[in-house]
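This briefing sets out the main features of the structure shown below, grouped by topic. Please read the points alongside the sequence and the model.

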Amino acid sequence: MIKVSDIAKKKVIELMKEDGFNAEVDFVRVGVKSGGCSGLSYELNFDKENKDDDKVFEDNGIKIIVDKKSFLYLVGTTLEYSGGLNGTGFVFNNPNATRTCGCGESFSL
């Protein structure tokens, strides 16, 4: 399960609308890929359809899809949004990460 904070929900809805997506029927695709300064990095995109091997969740009114490979890395993660002095953007609060980089966009287990 991936959770979505209230602030992240508002920003997701806003950005989906700007990009021609509808938060009521379309998905936020969250994934993990190799790379980044800590070994793995997060991916976040909008998608209109889910694939056969996707896990589908809904939290706080946001539909989330995660591919099977990324799912194990992301269990228990909360998607947050930060608009503070240290930068603006989505933040992954991942309890599985043992190390993260300074920018928060990559991690290792």
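Helices (H or I, at least four residues) and strands (E, at least two) are DSSP runs, numbered from the N terminus. By that assignment, L74 has its place in helix 2. The model is predicted, so local features need pLDDT of at least 70 and side-chain atom pairs count only at pLDDT 80 or more, while totals for chains, interfaces and linings use all residues. Residues are numbered from 1 along each chain as its sequence is written, and side-chain values use heavy atoms, with hydrogens and water left out.

**Helix 1**

- Buried means under 20% relative accessible area, exposed over 50%, and partly exposed in between (1.4 Å probe, protein chains only). The buried residues of helix 1 are A8, K11, V12 and M16.
- Viewed down the axis of helix 1, these buried residues fall within an arc of 130°, so they line one face of the helix. The arc is that of the directions from the helix axis to the C-beta atoms.
- On the face turned away from the buried side, helix 1 carries the exposed residues D6, I7, K10, K17 and E18.

**Nonpolar core**

- A nonpolar core is a set of buried Ala, Val, Leu, Ile, Met, Phe, Trp, Tyr and Cys residues joined through side-chain atoms within 4.5 Å. The largest one has 22 residues, and those with the most contacts inside it are V12, M16, V28, V30, I64, V66 and L74.
- Two or more residues of this core come from each of helix 1, strand 2 (27-34), strand 3 (40-47), strand 5 (62-67), helix 2 (68-74) and strand 6 (78-84).
- Contact means heavy atoms within 4.5 Å. Neighbours within four places in sequence aside, the residues in contact with V28 include V12, M16, L44, F46, I62 and I64.
- L74 is buried, with a relative accessible area of 1%. From C-alpha to C-alpha, L74 and V30 are 8.7 Å apart in space, although 44 residues apart in sequence.
- Leaving aside neighbours within four places in sequence, L74 is in contact with residues including M1, I2, V30, Y42, V66 and N96.

- R29, a residue of strand 2, counts as buried at 13% relative accessibility.
- A polar contact is a pair of N or O atoms within 3.5 Å; within protein, one must be able to donate a hydrogen and the other to accept it, and residues adjacent in sequence count only if both atoms are side-chain atoms. The side chain of R29 makes such contacts with the side chains of D47 at 2.9 Å and D54 at 2.8 Å.

**Aromatic pairs**

- Rings of Phe, Tyr and Trp (its six-membered ring) pair if their centres lie within 6.5 Å; planes under 30 degrees apart count as stacked, over 60 as edge-to-face and the rest as tilted. The structure holds 4 aromatic pairs.
- The ring centres of F21 and F46 are 5.6 Å apart and their planes stand at 55°, so this pair is tilted. The pair links distant parts of the chain, 25 residues apart: F21 in the loop between helix 1 and strand 2, and F46 in strand 3.
- Both F21 and F46 are buried.
- Y81 and F90 form an edge-to-face pair, 5.1 Å centre to centre with 70° between the planes. Y81 is buried at 19% relative accessible area, whereas F90 counts as partly exposed at 22%.
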